[in-house]
Amino acid sequence: MTASSQAARHRQVDDALDTDVIIIGAGPVGLTLANLLGIRGQRAIVLEARSELIDYPRGVGLDDESARTLQTAQLWEEIKPHTVPHHVLRLVNGRGQLLATNDPHTQEFGFPRKHGFIQQLVDGELAAGLSRFANTELRFNHRASLTPIDHGDHVEVSVDKLDADGNVSETISLTSKYLVACTGGRTDELRAWMGADFVGKSPSTRWLVIDVDNDPLGTPSVYVGADPRRPYVTIGLPHGIRRWEFMLFDDEPTEMVENDEFMHRLLERHVPDPSAIKIIGKRVFTHHGRIASKFRHGRVFLAGDAAHLMPVWLGQGWNSGIRDATNLAWKLSAVLRGDCEDALLDTYGAERHKHASDMIEVNMTVGSVIKLGRAGSIVRDVAAAALNLLPSTKAYFTELRFKPMPRFSAGVVVDQTTLTPGTAGESFRGRSRRNGLAPFVDNPGGRSPVGLQFIQPRVNTATGTGVLLDEAIGDWWTIASFGNNPARMLSHDEIALAERQGFRLVSIMPETQREWAEKAFADTPVTVVGDIDGKVKDWFDHRACGVVFLRPDRFVAAACLAQQTPEALKAVLTAASYRDRMEEGTA
Ligand SMILES: Cc1cc2nc3c(=O)[nH]c(=O)nc-3n(C[C@H](O)[C@H](O)[C@H](O)COP(=O)(O)OP(=O)(O)OC[C@H]3O[C@@H](n4cnc5c(N)ncnc54)[C@H](O)[C@@H]3O)c2cc1C
């Protein structure tokens with residue numbers, strides 16, 4: 001079947017269905033996924049059992065990777081007012097002495113690494129963002145069954161419409177090509193239907209979270225109190241809100257948090273006048289460290305807390321879910337457009353599972369350090385003081401180097417040494433014959449950039465000054481070269497093939513040469529971008545490559561020398577299961 005007849009068949013099936021993607025759950029993950037599908041023109045229905053978004057206190061830490069996704073969703077300007085950039089985290093002991101500071105200063109992805117934020121307000125902006133799209137709907141009071149029917153070429157789900165009292169007023173059936181469950185932690189029924197285990201631990205420790213208006217302290221940032229008397233967290237948030245989290249002991253029943261005297265006792269060591277505070281949100285929660293054994297079953301996917309639950313220590317539950325949505329959205333779009341085979345969607349789990357699992361592990365470890373009892377905490381404090389004397393270990397904490405950064409070793413990646421599609425070694429063996437020049441590049445560790453997120457500096461273009469790179473290159477695939485024209489490395493047919501898939505060719509030049517390049521490359525379909533402060537040059541200086549293939553989620557799918565661009569293009573199209581490449585070759 002040719003690509004066009006395949007696309008026609010896809011359209012026929014699509015027309016008979018209610019939508020392309022049913023998303024169950026209007027938490028941040030479902031809403032982000034719907035926005036990313038909407039921005040790329042796909043149809044989606046978000047089903048939410050509640051009558052409104054969850055409004056009790058939850059996420060307070062938003063990272064730079066999520067901010068970049070919200071930029072792609074064209075919602076960062078709306079969300080920014082609900083954030084405090086450069087949130088610093090300080091770990092203190094029971095005597096208030098500083099054990100470690102976590103204050104990363106990098107802005108490699110275009111945003112400060114950490115922001116304070118108010119989840120309810122940001123989730124609200126995500127919901128409002130859906131009104132921009134004619135083909136995206138958010139339906140409240142719609143409770144979906146968690147045992148869908150997978151018909152092979154589409155999926156069907158039964159949905160209870162609920163009235164104002166929460167009673168079922170009607171049951172309907174909805175169909176779509178794919179279904180994504182962003183249903184939060186309580187997704188056992190669906191995971192069982194999928195045959196997925198929920199592997200890990202759920203420590204029984206309960207924590208009380210309190211949000212207070214008119215911040216009675218007024219100090220910024222985050223303090224984590226590893227206090228054996230009672231571990232706590234205190235956080236200065238946007239809009240003058242203060243968050244406290246307190247560990248509850250086993251002999252303190254949850255109902256005690258309704259007792260004013262108990263609340264007074266909790267707060268009296270933290271605030272001058274506990275009786276004069278205004279609590280605006282309160283909730284008891286427990287930590288979990290669990291991950292589903294698989295994220296996909298047929299046409300059904302898990303994302304966000306439905307796929308993985310982690311303790312809140314590094315503020316990564318919300319952020320990990322946004323990573324899921326970012327990864328899945330472009331792949332669903334490519335498959336729904338008929339450009340790529342369904343096999344592309346298998347790479348979602350292959351790429352996301354390990355990172356989510358690593359993140360859970362780090363959070364569980366941090367939690368156990370914070371919750372140490374009296375004897376353990378003395379050892380910990382002495383060890384922390386010693387480690388702080390070593391600049392390398394101090395930087396490890398300060399720069400947040402213990403936070404696992406996503407790296408894809410399998411999926412939509414191409415090995416840099418061999419240009420093999422589907423896998424990518426972490427290191428680059430530059431001495432092979434095909435990469436003869438590479439040893440002359442300053443890359444002592446031989447580390448390959450493939451599978452890692454590309455930087456986002458500010459750049460100049462013919463029409464914009466100091467814009468973030470992603471604004472200049474668009475939200476789909478990019479073939480970018482440094483100091484060179486990627487169009488000159490590809491044949492006419494290869495350029496046509498890349499353009500059919502919506503790949504954009506980008507030439508990143510030193511700003512000094514941008515205007516020259518705009519004229520010199522005017523006869524080729526290339527976007528010229530000026531590297532204002534040398535950040536892109538510096539990146540290429542240390543990466544043993546002259547060309548990168550950037551995926552729509554800004555991860556590097558392939559990196560090669562200029563002459564290898566045609567070979568890398570073929571490998572990328574294969575890794576991403578592009579139909580055009582596979583059926584018709586590159587001619
Ligand atoms: C105290 C606390 C602090 C936190 N701090 C941070 C932080 O600083 N940073 C961070 O990254 N994360 C943090 N988190 C975690 C973060 O809140 C969650 O990871 C995030 O909300 C998960 O989003 P989600 O969309 O996957 O699920 P949820 O937000 O739980 O949304 C799931 C939605 O699905 C709906 N639903 C469920 N079943 C159905 C059904 N059958 N039909 C229709 N609708 C259904 C639910 O009603 C709900 O609205 C914190 C959590 C807590 C509790």
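**View 1. Helix H3 passes helix H8 in a left-handed crossing.** A crossing is called left-handed if the near helix is turned anticlockwise from the far one by less than a right angle, and right-handed if clockwise. Helices (H or I, at least four residues) are DSSP runs numbered from the N terminus. The model is predicted: local features need pLDDT of at least 70, side-chain atom pairs count only at pLDDT 80 or more, and totals for chains, interfaces and linings use all residues. Residues are numbered from 1 along each chain as its sequence is written, and side-chain values use heavy atoms, with hydrogens and water left out. The axes of H3 (residues 64–72) and H8 (residues 317–336) come within 9 Å and cross at roughly 45°, which makes H3 oblique to H8. Axes are lines fitted to C-alpha atoms, for helices over the stretch in contact, and angles run from 0 to 180 degrees between N-to-C directions. Angles under 35 degrees count as roughly parallel, over 145 as roughly antiparallel, 65 to 115 as roughly perpendicular and the rest as oblique. Glu65, Ser66, Thr69 and Leu70 of H3 make the contact (heavy atoms within 4.5 Å) with Trp318, Asn319, Ile322, Arg323 and Thr326 of H8.

**View 2. Helix H2 passes H8 in a right-handed crossing.** H2 (residues 28–39) and H8 pack at an angle of about 30°, with their axes 8 Å apart; H2 is therefore roughly parallel to H8. On the H2 side the contact holds Pro28, Val29, Thr32, Leu33, Leu36 and Leu37, and on the H8 side Trp318, Gly321, Ile322, Ala325, Thr326, Ala329, Leu332 and Ser333.

**View 3. Helices H2 and H5 form a left-handed crossing.** The axes of H2 and H5 (residues 119–129) come within 9 Å and cross at roughly 30°, which makes H2 roughly parallel to H5. Pro28, Leu31, Thr32 and Asn35 of H2 meet Gln119, Asp123, Leu126, Ala127 and Gly129 of H5.

**View 4. The ligand is surrounded by 32 residues.** The closest are Glu48, Arg58, Gly61, Gln119 and Trp318. Polar contacts are pairs of N or O atoms within 3.5 Å. A polar backbone atom of Gly61 is 2.8 Å from an oxygen atom of the ligand. For Asp305, a polar side-chain atom lies 2.8 Å from a ligand oxygen atom. A polar backbone atom of Gly317 is 3.2 Å from an oxygen atom of the ligand.

Key:
Helix = DSSP H or I, 4+ residues; strand = E, 2+ residues; numbered from the N terminus. Near = heavy atom within 4 Å. Polar contact = N/O pair within 3.5 Å; in protein donor to acceptor, adjacent residues only side chain to side chain.
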